[in-house]
Amino acid sequence: MVISTLEHPQAEVIFDYSTSDLSDPCTLLNTLQQLRQVVVQEGQDIFDQWRSQIQRQAFLSSGLNLSHYMALRRHDLRPLQAALVPWGLSSLGRLEGRVIPSLDAVIATLGAICQIDPATLPSRPAIQEFQESDRLLQQQTEDVLGQTTAERRARIMVTLPTEAASDADFVRDLLQRGTNCVRINCAHDNADLWEAMIGNVRRAETETGHSCKVLMDLGGPKPRLGEVIAPDQKHRILQGECLILTRDLPDPKDATCFQATCTLPAVIDRLQVGATAWIDDGRIGARVEALTDRGVLLRITHASLKGSKLQPDKGLNFPDTDLQLSPLTERDRQDLDFVATHADIVGYSFVQSAEDMKQLQQELAARMPQPREIAIMAKIETPQAVSHLPELIVQAAGQQPFAVMIARGDLAIAIGYQRLAEIQEEILWLCEAAHIPVIWATQVLENLVKKGIPSRAEMTDAAMAERAECVMLNKGAFVAEAVTILDDVLTRMQAHQLKKTPQLRALHSW
């Protein structure tokens, strides 16, 4: 079998062990030594390209481990993993945070089995080298998301509704139930309301003794429906019906189709016939059927059997169209004047490259003449952001505290629902290799938050979210109750699993 590259066409096939007998421990040892040499060499080459971007000394070892992980995961390790299991050596499946120590530990043990002189092998790593990865992840998580309780590792984040500006009791209740971080969506409300929300959070911290970080999430270039006009006073649009997406105000006299404006009119000029469109987080699907002087004619391809509501402010996604939008809008720059002086974390929507990240860092620096450490959270919601994630991490974490949010709503639409589970796992692994905290977001306990009763599937999703460092709940009438239940679920699950590692707590069900 040839160890081949995985979606990295620039990487070369390094060696071939198709004729090797991996059931022989000495052959297995030699193969692992060759692999280690390749990982060290390729990893160093990657790290050398990044080195100039890393100014935070605290991220140096994390950046090097990330480069080793990328070099390692360019190869298909399944035959090696299978061959290690009969020898009780399967730790390569959980080496994200400590690549070289894990390889060295396996090599040292195989060397002992094969009775090889230890002086000819890499030194067996000290226990502290394995603990260091956990310490680095914990430290970087605290730098961004603050402290959590001794009983629960993963933080809980809650998106604040508008009433949080006037209801101090509501905010205090969230903190008492276990909220560690609140999110303010800059796409909604205004600076006066944001300031009132933050004031209630700070008072709640004092009254409860619980710390709480404030994330302010920039709106970004998110196209949305503007004014909506329905024909014949219809309330729902059905599959097969049409929607005219216009640059200017809809024409009330046109009674043949639903009509709506787009909040970013420039998007309309990028669309071509046949392009896919999704509305309201994928609840409504459409395809561009024609280009007109007024805009584009969309034919609805997916909708509820009884029809779906078209409402203003609902998001628009065009997954197969390059919209060529800067992730920082003029509105975002205005909001940054407030964010830079009030927030603990700034959320970056639709960031796609290291250059995008550098742009935000420059904008923040221009607004902060007095040095103050503010963390950045990158929302991963496009295929480009996924493919550029290593460079995004290095550019951001090399300068300041950094976290990644898996924004599963837009991401699922952009990459396809079938790939979401696979990609969110890969994001978790890559971030763990860089000792970077991850926020698991979008529709967590959605039915519970909105209706008061959870679905069975979302309870499982919440349990799996324990592998991230933070889990985000959206706003809803029952969000306080959801915090209590999520706190219980996360606390229970961490007794069974930490990241990818089973904890093997004694079972009490039988």
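A cavity here is a set of points on a 1 Å grid over the protein atoms alone where a 1.4 Å probe fits but cannot get out. Its volume is the space filled by probe spheres set on the points, with grid points joined across faces, edges and corners.

This is a predicted model, in which local features need pLDDT of at least 70, side-chain atom pairs count only at pLDDT 80 or more, and totals for chains, interfaces and linings use all residues. Residues are numbered from 1 along each chain as its sequence is written, and side-chain values use heavy atoms, leaving out hydrogens and water.

**View 1. The largest cavity.** Two cavities of 30 Å³ or more are found in the structure. The largest holds about 50 Å³ of space.

View 2. L160, I184, N185, H188, D189, M197 and K475 form the lining, which divides into three nonpolar, two polar and two charged residues.

**View 3. Helix α2 against helix α13.** Helices are DSSP runs (H or I, at least four residues) numbered from the N terminus. Residues 60-72 make up α2 and residues 417-433 make up α13; they pack at about 135°, axes 8 Å apart. Axes are lines fitted to C-alpha atoms over the stretch in contact, and angles run from 0 to 180 degrees between N-to-C directions. The pair is therefore oblique, the class left once angles under 35 degrees (roughly parallel), over 145 (roughly antiparallel) and 65 to 115 (roughly perpendicular) are set aside. In contact (heavy atoms within 4.5 Å) are S62, N65, L66, Y69 and M70 of α2 with W429, L430 and A433 of α13. Six of these residues are nonpolar, two polar and none charged.

Methods
Helix = DSSP H or I, 4+ residues; strand = E, 2+ residues; numbered from the N terminus. Nonpolar A, V, L, I, M, F, W, Y, C, P; charged D, E, K, R; others polar. 1 Å grid on protein atoms, 1.4 Å probe; cavity = no way out; pocket = protein on both sides within 12 Å on 5 of 7 lines; lining within 4 Å.
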